[in-house]
Amino acid sequence: VRWERLTPGPLPNVDFLELVYAPGAESSPVLYRHPGQEMLLILSGRLDIYVGFERYELGPGDSMHFPSVLPHRYVNPTGTETRAVTTIIRDEP
């Protein structure tokens, strides 16, 4: 899994990132959570996004938004690379 910042440097309370998931890669073997909101757009490939007890299958052009405080994880269940763009808005400290 590779997450690359798409801004020249860190921004206060926001991460704007490109995600690259190799075949079979996952963000974590278990659900995790953190403060904030996540928005995701799939550029190519497929990701299964687990949020709570639900699984969402996203392909190219699909997007979603969810509160990051909900348990979640990303999985590329395919044999090809997946690319996506995500914005994570962290809660104010």
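**Confidence, fold and core of the predicted chain**

In this predicted model, confidence within the chain is lowest in strand β1 (residues 2–5), where the mean pLDDT is 96, and highest in strand β5 (residues 54–58), where the mean is 98. Over the whole chain the mean pLDDT is 95, and 99% of the residues reach 70 or more.

The chain contains 0 helices and 8 strands, which follow one another along the sequence in the pattern β-β-β-β-β-β-β-β. Its radius of gyration is 13 Å, close to the 12 Å that the globule rule gives for 93 residues, so the chain is as compact as a globular protein of that length. The C-alpha atoms fill a box of roughly 40 × 30 × 20 Å along the principal axes, and among contacts between residues at least 6 apart in sequence, 67% join residues at least 24 apart.

Buried residues account for 35% of the 93 residues. The largest nonpolar core comprises 15 residues, and those with the most contacts inside it are L19, L40, L47, I49 and Y74; strands β2, β3 (37–44), β4 (47–51), β6 (63–67) and β8 (82–89) each supply at least two residues of this core. Beyond its neighbours up to four places away in sequence, I49 touches L40, E54, R55, Y56, L58, M64, F66, R73 and Y74.

E18, located in strand β2 (residues 14–21), has a relative accessible area of 14% and is therefore buried, the cut-off being under 20%. The side chain of E18 makes a polar contact of 2.7 Å with the side chain of R83, and the residues that E18 touches, leaving aside those up to four places away in sequence, are R2, W3, E4, L6, R83, A84 and V85.

Conventions:
Residues are numbered from 1 along each chain as its sequence is written. This is a predicted model: local features need pLDDT of at least 70, side-chain atom pairs count only at pLDDT 80 or more; totals for chains, interfaces and linings use all residues. Side-chain values use heavy atoms; hydrogens and water are left out. pLDDT is the predictor's confidence in each residue, from 0 to 100. Helices (H or I, at least four residues) and strands (E, at least two) are DSSP runs, numbered from the N terminus. Buried means under 20% relative accessible area, exposed over 50%, partly exposed in between (1.4 Å probe, protein chains only). A polar contact is a pair of N or O atoms within 3.5 Å; within protein, one must be able to donate a hydrogen and the other to accept it, and residues adjacent in sequence count only if both atoms are side-chain atoms. Contact means heavy atoms within 4.5 Å. A nonpolar core is a set of buried Ala, Val, Leu, Ile, Met, Phe, Trp, Tyr and Cys residues joined through side-chain atoms within 4.5 Å. The radius of gyration is taken over C-alpha atoms; the globule rule is 2.2 Å times the number of residues to the power 0.38.
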